[in-house]
Amino acid sequence: MKYVVLVAFLAILASLGAALFFMMRGDRTDKSKGHYMARALAVRVGLSIALFLGILLAWKLGYIQPTGLQLAH
């Protein structure tokens, strides 16, 4: 499960980087860069929601257990 979460975080960061790339490249009059940037950000949001739902499902199925905070007294 740790590897799935790690890969999902890396995919989210890659999508965020792609959005930054599309925002910064080309001249300012290029209309298509906004389309590509919006698509990259939509993919990032979709991946974030899928990661959240995957963690919630893994918890419900018992694959992961909450440990709580370990507070020192």
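Mentor: A residue is called buried when its relative accessible area is under 20%, exposed when that area is over 50%, and partly exposed in between, with a 1.4 Å probe and protein chains only. This is a predicted model, in which local features need pLDDT of at least 70 and side-chain atom pairs count only at pLDDT 80 or more, while totals for chains, interfaces and linings use all residues. Residues are numbered from 1 along each chain as its sequence is written, and side-chain values use heavy atoms, with hydrogens and water left out.

Trainee: Is S15 buried or exposed?

Mentor: S15 is buried, because its relative accessible area is 8%. Its place is in helix 1; helices are DSSP runs of H or I with at least four residues, strands are runs of E with at least two, and both are numbered from the N terminus.

Trainee: Which residues does S15 touch, leaving aside those up to four places away in sequence?

Mentor: A contact means heavy atoms within 4.5 Å. By that criterion S15 touches A40, V43 and R44. A40 is among the buried residues of helix 2, together with K33, L51 and A58. The buried residues of helix 2 pack against helix 1.

Trainee: How is the length of helix 2 to be read?

Mentor: The expected span is 1.5 Å times one less than the number of residues. Helix 2 (residues 32–61) has 30 residues and reaches 43 Å from its first C-alpha to its last, close to the expected 44 Å. G62 follows helix 2 and has a positive phi, near 90°.

Trainee: Where does L16 lie, and is it buried or partly exposed?

Mentor: L16 is found in helix 1 and is partly exposed, because its relative accessible area is 39%.

Trainee: Which residues form the nonpolar patch on the surface?

Mentor: Patches are made of residues with over 30% relative accessible area and no salt bridge; like charges are joined within 9 Å, and nonpolar side chains (Val, Leu, Ile, Met, Phe, Trp, Tyr) within 5 Å. A salt bridge is a side-chain nitrogen of Lys or Arg within 4 Å of a carboxyl oxygen of Asp or Glu. Here the patch consists of Y3, L6, L10, L13, L16 and L41, with about 630 Å² of accessible area together, computed by the Shrake-Rupley method with a 1.4 Å probe, where for residues only the protein chains shown count as cover. Helix 1 (residues 2–24) gives the most to the patch, with five residues.

Trainee: How many helices and strands does the chain have?

Mentor: The protein chain has two helices and zero strands. Its C-alpha trace spans about 60 × 30 × 15 Å along the principal axes, and buried residues make up 12% of the 73 residues.
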